[in-house]
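Please keep the sequence and the structure in view while reading.

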Amino acid sequence: MFDSPQYVVRSLISEGVVREADVTRAKEHASSHGVTLDEALVALGIVSGRRLAIERAKICEHPFVDLSHYEVDVSNTALLPRAVVDRHVAFPLFRTAGVVTVAILDPLNLSALDQLRQLLKVDVEPVIAEAEQLRTLIARAYGMAGARTGSSAEEHELTTGDEPIVAAVNQIIVGAVESGASDIHINPDESSVHLRYRVDGVLSVTHGLPKNAHAGIVQRLKVMSKLDLTQTRKPQDGKFRFTHKDHAVDIRLSVIPTIHGENVVMRLLRSASAIKSLDQLLMPEDMTRAYEEAISKPHGMILVTGPTGSGKTTTLYTALSHINSPHLNIMTIEDPVEIRLPMIRQVQVNTEIGLTFAATLRSILRQDPDVVLVGEIRDDETAKIAVQAALTGHLVMSTLHTNDAISSITRLKDLGVPSFAISNW
């Protein structure tokens, strides 16, 4: 039988990608850890899983597919039993003209392809995918599809990760965390449910959800956020903490009723440990220097602008982390407090008791602050107080919802900030 892993390794050696010594080390690792040679090469960082898959595709003369570029229908899980999919590491991507395209780890496993043809009752076109991507897709797709089996009565009682609905919710959140998403959108339509992640400010469609799982998923999220399960006609907001790989992720939940069911948006709040250095903001070098110089000044105003999910909050938190020291009194006003930082006094807005941005900012200015972070300038009163504070010896940082930096001047004028105050900058 054709030994594809050995041929792949020999090809990589001939191309100078790996050395004989690397292969020897990988074989020892594979033997001691009970994994394949391919898995050992990846685990030791000798070669990436993507490169292995591309090399295998070249040798086997089958197409390579990057699964991150595909919107895979979760309903495809109904085509093959989970046991068969796990055994052959294969997943049906889509069907066209009586042919099912199947992503598979080893397209030269003829017995596997024969079994897939018998089960699908159509011809199979194998394509090669990266092993980790494919296994992740299988786990998430079947985890979400498993939610179909939950009944409405049972959905209220789900409390453990073994239940279908709970497993589906966990897979949705884990997928967002691992892709670096800032937001999760669960959008019901007339006959389907769309699952989208916002990554680097852009909403990207990921695997869809079965329509009959939507109510159970929303109920589960309400349970986690301690919201009213019986209320489906009014918007509700909540929050909860999710743990993934020993790391806690704080999640803010918003539920709003639509004509097709409750729409859910979750904001993933990063922990303080996720705040990196200024260099890791990946701004141009001259801009990084200018930003570092600006945040080091004793007074003035720094405004970060841009659309939702563009990194405004991360940019400001990075600045606070950079200048944070026992010699500065740094205070923040936020709605909500997204990342908790040591030695910084953080206040959360509560409009129900009159603790607005403007009211809190007035009080904070009596707390002898050196640096003040206002989460967002939303109204004319907050804008005027913030500008006045910047002109009277405080360093004020905040965000504005404008599409570019130059529009912030127009926005401040619209908020009633005097032109002379803006021109002083």
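## Helices H9 and H10

Helix H9 (residues 164-178) and helix H10 (residues 214-225) have axes that come within 9 Å and cross at roughly 75°. Axes here are lines fitted to C-alpha atoms, for helices over the stretch in contact, with angles from 0 to 180 degrees between N-to-C directions. H9 and H10 are therefore roughly perpendicular to each other, a term for angles of 65 to 115 degrees. On the H9 side, the contact (heavy atoms within 4.5 Å) is made by Ile165, Val166, Ala168, Val169, Ile172 and Ile173; on the H10 side, it is made by Gly216, Ile217, Arg220, Leu221 and Met224. By class, this contact has 9 nonpolar, 1 polar and 1 charged residues. Ala, Val, Leu, Ile, Met, Phe, Trp, Tyr, Cys and Pro count as nonpolar, Asp, Glu, Lys and Arg as charged, and the others, Gly among them, as polar.

The model is predicted: local features need pLDDT of at least 70, side-chain atom pairs count only at pLDDT 80 or more, and totals for chains, interfaces and linings use all residues. Residues are numbered from 1 along each chain as its sequence is written, and side-chain values use heavy atoms, with hydrogens and water left out.

## Inside H9

Helices (H or I, at least four residues) and strands (E, at least two) are DSSP runs, numbered from the N terminus. The buried residues of H9 include Ile165, Ala167 and Val174; buried means under 20% relative accessible area, and exposed over 50% (1.4 Å probe, protein chains only). Val166, also found in H9, is buried with a relative accessible area of 1%. Val166 and Gly216 are 50 residues apart in sequence and 8.9 Å apart in space, C-alpha to C-alpha.

## Helices H13 and H14

The axes of helix H13 (residues 357-364) and helix H14 (residues 380-391) come within 8 Å and cross at roughly 20°. That makes H13 roughly parallel to H14, the term for angles under 35 degrees. Phe357, Ala358, Leu361 and Arg362 of H13 meet Glu381, Thr382, Ile385 and Ala386 of H14.

## Two residues with positive phi

Most residues other than glycine have a negative phi. Val89, although not a glycine, has a positive phi of about 50°. Val89 lies in the loop between helix H5 (82-88) and strand S1 (90-96) and is buried, with a relative accessible area of 9%.

Leu282 is not a glycine either, and has a positive phi of about 60°. Leu282 is placed in the loop between strand S9 (261-269) and helix H11 (285-295), and counts as exposed at 74% relative accessibility.

Technical notes:
Angles under 35 degrees count as roughly parallel, over 145 as roughly antiparallel, 65 to 115 as roughly perpendicular and the rest as oblique.
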